[in-house]
Amino acid sequence: MTPEDFVLNPDDTLFAHGRFLPKRKYKDRGEFFKALKSSNESKIERVDLGDVDVIMLRNDPSIDSDRPWAMEPGILFGREAAKRGVIVLNDPDSLGRAINKLYFQSFPTEARAETLITKHASDIKAFAKEHKGNIILKPLQGSGGSGVFKLDPNNASNLNQMIEAIGRDGYIIAQAYVPAAKKGDIRLFIMNGKPLQRDGKYAALRRVAAKDDIRSNIHAGGKAEAVEIGETELKVAEIIRPKLLADGMFLVGVDIVGDKILEVNVFSPGNLESCSKLAGVDFSETVVEAIERKVDIASQYAQTFDNRHLAIL
């Protein structure tokens, strides 16, 4: 389903236009998505969402910024589905509060880089001075490395242009530069509040920026490498765990540099397939098994748990 496929009927039933594919083996995800987009292979049918066990909300509001109407339907209709007994992952109420990077500020200061959020150039210049001219600038809305700048003493004369470029679209995040970022960041998946594992291997990778770029995002030119998850990363995961559990965040992607988190992606964390390839195991199987367990719990404890609790059980 896409954000434009929900239907709230006059009798208050909730439906959606779903795409269905032939039940056959697909050699890879490329073939699968090609078939999904093909009108010859996929067919669209109206589905009563009251008959659906689980909905995974995976649309990223920041990607839909050019279609403002598409930013919130997943959250809004996700809430309606949850009212009708569907398990909705991640919890739509919490996703509504996490619709921009301000959600990041709700995590303990111990685990996140020092951050300023403002639209005033004077605030940013003072913050940059405090950090000897080494900061990262990025938009409050957005993802995928879009609109990210690194300020250092070599390009300090461009600060006004950076502020102007980001500020025309809204608030600006100024973040203290973490020196360990030179080695790239670590994308670690957390499921049900704990680092995602299968066969003793963690769903994680290191993203290293291209030589001529500061962004380590894969589709911005970053390179994925295998990484060992150690005590530092596990400690960071433990610090942020209570918040993720309290908010019903079933599956998230955390970006870690050193002992700090730079971002927490709760909408559509990417690179799970890359993690699987690098580790030699299929982490999606573990994710599906966890979802199936939630369906079992919901049937065993009828109406005992609300959606936020079911999301992390």
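Thr286 is in contact (heavy atoms within 4.5 Å) with Met191, Leu196, Gln197 and Arg198, leaving aside its neighbours within four places in sequence. Thr286 sits in helix α8. Helices (H or I, at least four residues) and strands (E, at least two) are DSSP runs, numbered from the N terminus. Because its relative accessibility is 11%, Thr286 counts as buried. Buried means under 20% relative accessible area, exposed means over 50%, and partly exposed lies in between (1.4 Å probe, protein chains only).

This is a predicted model, in which local features need pLDDT of at least 70, side-chain atom pairs count only at pLDDT 80 or more, and totals for chains, interfaces and linings use all residues. Residues are numbered from 1 along each chain as its sequence is written, and side-chain values use heavy atoms, with hydrogens and water left out.

**Nonpolar cores**

- A nonpolar core is a set of buried Ala, Val, Leu, Ile, Met, Phe, Trp, Tyr and Cys residues joined through side-chain atoms within 4.5 Å.
- The largest nonpolar core has 35 residues; Ile240, Leu244, Met249, Ile261 and Val266 touch the most other members.
- Two or more residues each come from β2 (14-20), α2 (73-83), β10 (185-191), α6 (231-246), β16 (251-257) and β17 (260-265).
- With five residues, α6 gives the most to this core.
- Another core lies apart from it, with 20 residues, among them Met191, Leu272, Phe283 and Val287.
- Which residues does Ile261 touch, not counting residues up to four places away in sequence? They are Phe104, Phe107, Ala111, Arg112, Ala113, Val236, Ile240, Val254, Asp255 and Ile256.

**Helix packing**

- Helix α5 (residues 159-167) has Leu159, Met162, Ile163, Ile166 and Gly167 as its buried residues.
- These residues lie on the same side of α5, because they cover an arc of only 115° around the axis. The arc is that of the directions from the helix axis to the C-beta atoms.
- The cover over the buried residues of α5 includes α4 (121-130), β7 (135-139), β8 (149-151) and β9 (172-176).
- In α2, the buried residues are Pro73, Gly74, Ile75, Gly78, Glu80 and Ala81.
- They pack against β1 (6-8), β2, β4 (54-56), β5 and α3.
- Gly85 follows α2 and has a positive phi, near 90°.

**Salt bridges**

- Side chains of opposite charge can pair when their charged atoms come close.
- The whole structure holds 21 salt bridges. Each is a side-chain nitrogen of Lys or Arg within 4 Å of a carboxyl oxygen of Asp or Glu.
- Arg67 and Glu4 form a salt bridge through their side chains (3.5 Å, N to O).
- Arg67 lies in the loop between β4 and α2 and Glu4 in the segment before β1, so this pair ties together parts that are 63 residues apart in sequence.
- Arg67 counts as partly exposed, at 28% relative accessibility.
- Glu31 and Arg24 also meet in a salt bridge (3.8 Å, N to O). Glu31 is partly exposed at 27% relative accessibility, and Arg24 is partly exposed with a relative accessible area of 37%.
- Glu164 pairs with Arg168 in a salt bridge (3.8 Å, N to O). Glu164 is exposed, with a relative accessible area of 52%, and Arg168 is exposed, with 58%.
- One network, joined by salt bridges that share partners, holds Asp12, Glu80, Lys83 and Arg84.

**Backbone points to check by eye**

- Most residues other than glycine have a negative phi, and most peptide bonds are trans.
- The peptide bond from Leu89 to Asn90 is cis, with omega near -10°. Asn90 lies in the loop between β5 (87-89) and α3 (92-97).
- Lys132, a residue other than glycine, has a positive phi near 55°. Lys132 is in the loop between α4 and β7 and counts as exposed, at 70% relative accessibility.
- Gln303 has a positive phi near 60° and is likewise a residue other than glycine. Gln303 is in the loop between α8 and α9 and is exposed, with a relative accessible area of 82%.

**Nonpolar surface patch**

- Tyr301, Phe305 and Leu313 make a nonpolar surface patch of about 260 Å².
- Patches are made of residues with over 30% relative accessible area and no salt bridge; like charges are joined within 9 Å, and nonpolar side chains (Val, Leu, Ile, Met, Phe, Trp, Tyr) within 5 Å.
- Accessible areas come from the Shrake-Rupley method with a 1.4 Å probe; for residues, only the protein chains shown count as cover.
- Tyr301 is in the loop between α8 (283-300) and α9 (307-310). At 44% relative accessibility, Tyr301 is partly exposed.
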